[in-house]
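Student: Could you walk me through this structure, a bit at a time?
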Amino acid sequence: MLTLLRSRARVPYPSTVRPRCARMLVGVTVVVGLAAAGCGGSATTGPGTAHPMESPAMPGHSAMPGHGGMPASGGMPGHAGMPGMGGLPAGDGLAAEASGLRFVPVASTLPADQPTSFRFRILAGPGHHDHASRVSPPETHGTGTANGDGAPVTAFKLDQTRPMHLYLIRSDLTGFQHVHPNVESDGTWTAPLQPVRPGAYRVYASFITTDASGADVPTVLSQPVTVADGSADTPLPPASTTTTVDGYTLTLTLAGGLTAGAAGTLTITVSAGGRPVTDLQLYLDTYAHLTAFHEGDLAFAHLHPTGTTAGGKDGGPALTFEASLPRPGNWRLFVQFQTAGVLRTAAVTLPVG
């Protein structure tokens, strides 16, 4: 059984102290939303790649067959999350503005085939105040502003140990990256990106602020970005129930079919050399980090744990998730897990009826 961990502690910025872990069960809810990079360090990955924890790796396409209330993404209200964990983004993660917040990249283009940085701000729209800066200041990340006039928001709660997560995906569902940017005192975030090939991409920012009452406001926003001139798309690998990375085999089992908008149970079993893997290590306070992108419109979904369990044993081999994907069609799942201090990313195509 998968044990997943997430801390709800807050820390003032800057801080070198990481919150203590609280282990969580493998039950995970998939909710469409947008995810973005977090502050301090990075964890860039590409399917079929492995790298030391927090060390960027080259993105790429896999050759395999392949929190508080709910975050806002299009203004949908939130719902309670699992014990000790924040809620998930509502909506489809394709909006650039929601809940009085705007995701504003410094540039809408990136250079091709070379390491680069993606810089952006989260701005407060009219009538929005950076309440996190005024709700128990010692427990927030950043200082924040309260002008509500387009000023940068700089106070964020930790979400899976980070105040900000950034995701990048190409229009053909290749080139996946998940990084954790650093923030400057003026509220500008800088995310390190590994080389990407030319084409159309979408970048997602996922974070949690608080409202006037002190309630969590998980929010997911995104913007399109272009990398140099276009290049040919890579065909999406066909749907499969298995995928491999670095000698590990991930087997997907669905309890019945998966229908858009309906909850289903997805179990991922990890094995190596025909033997079950039971030494999964924590990454972002969880034993598996799952994100999914919808073919065509690039709608985003994030899978989170749904329960807690005591004990300090490593996770695996079976990881169970409650999957509720809102759109029919193909979804590309990216499963990040860590063993022996190495972060690995596997990708698989999952059809939804």
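Tutor: We can go through the salt bridges, then one serine, then the aromatic rings.

Student: Before that, what should I know about the model and the numbering?

Tutor: This is a predicted model, in which local features need pLDDT of at least 70 and side-chain atom pairs count only at pLDDT 80 or more, while totals for chains, interfaces and linings use all residues. Residues are numbered from 1 along each chain as its sequence is written, and side-chain values use heavy atoms, with hydrogens and water left out.

Student: OK, how many salt bridges are there?

Tutor: The count comes to nine salt bridges, where a salt bridge is a side-chain nitrogen of Lys or Arg within 4 Å of a carboxyl oxygen of Asp or Glu.

Student: Which residue does R327 meet in a salt bridge?

Tutor: Its partner is D92, with 2.9 Å from N to O. The pair links distant parts of the chain, 235 residues apart, with R327 in the loop between β19 (318-323) and β20 (329-339) and D92 in the loop between β2 (49-52) and β3 (97-98). Strands here are DSSP runs (E, at least two residues), numbered from the N terminus.

Student: Is R170 buried or exposed?

Tutor: R170 is buried, with a relative accessible area of 0%. The side chain of R170 meets that of D233 in a salt bridge of 3.0 Å, N to O. D233 lies in the loop between β12 (216-227) and β13 (242-245) and R170 in strand β7 (residues 165-170), so this pair ties together parts that are 63 residues apart in sequence.

Student: Which residues are in a network with R170?

Tutor: Salt bridges link R170, D172, R197 and D233 in a network.

Student: Switching topic, where is S213?

Tutor: S213 sits in the loop between β11 (199-210) and β12, and with a relative accessible area of 64% S213 is exposed.

Student: What does its side chain make a polar contact with?

Tutor: The side chain of S213 makes a polar contact with the side chain of D211 at 2.7 Å. A polar contact is a pair of N or O atoms within 3.5 Å; within protein, one must be able to donate a hydrogen and the other to accept it, and residues adjacent in sequence count only if both atoms are side-chain atoms.

Student: Now the rings: how many aromatic pairs are there?

Tutor: A search of the whole structure finds 15 aromatic pairs. Rings of Phe, Tyr and Trp (its six-membered ring) pair if their centres lie within 6.5 Å, and planes under 30 degrees apart count as stacked, over 60 as edge-to-face and the rest as tilted.

Student: Why is the pair of F156 and W189 edge-to-face?

Tutor: The ring centres of F156 and W189 are 5.5 Å apart and their planes are at 75°, so the pair is edge-to-face. F156 counts as buried at 1% relative accessibility, and W189 counts as buried at 1%.

How values were computed
Helices (H or I, at least four residues) and strands (E, at least two) are DSSP runs, numbered from the N terminus. Buried means under 20% relative accessible area, exposed over 50%, partly exposed in between (1.4 Å probe, protein chains only).
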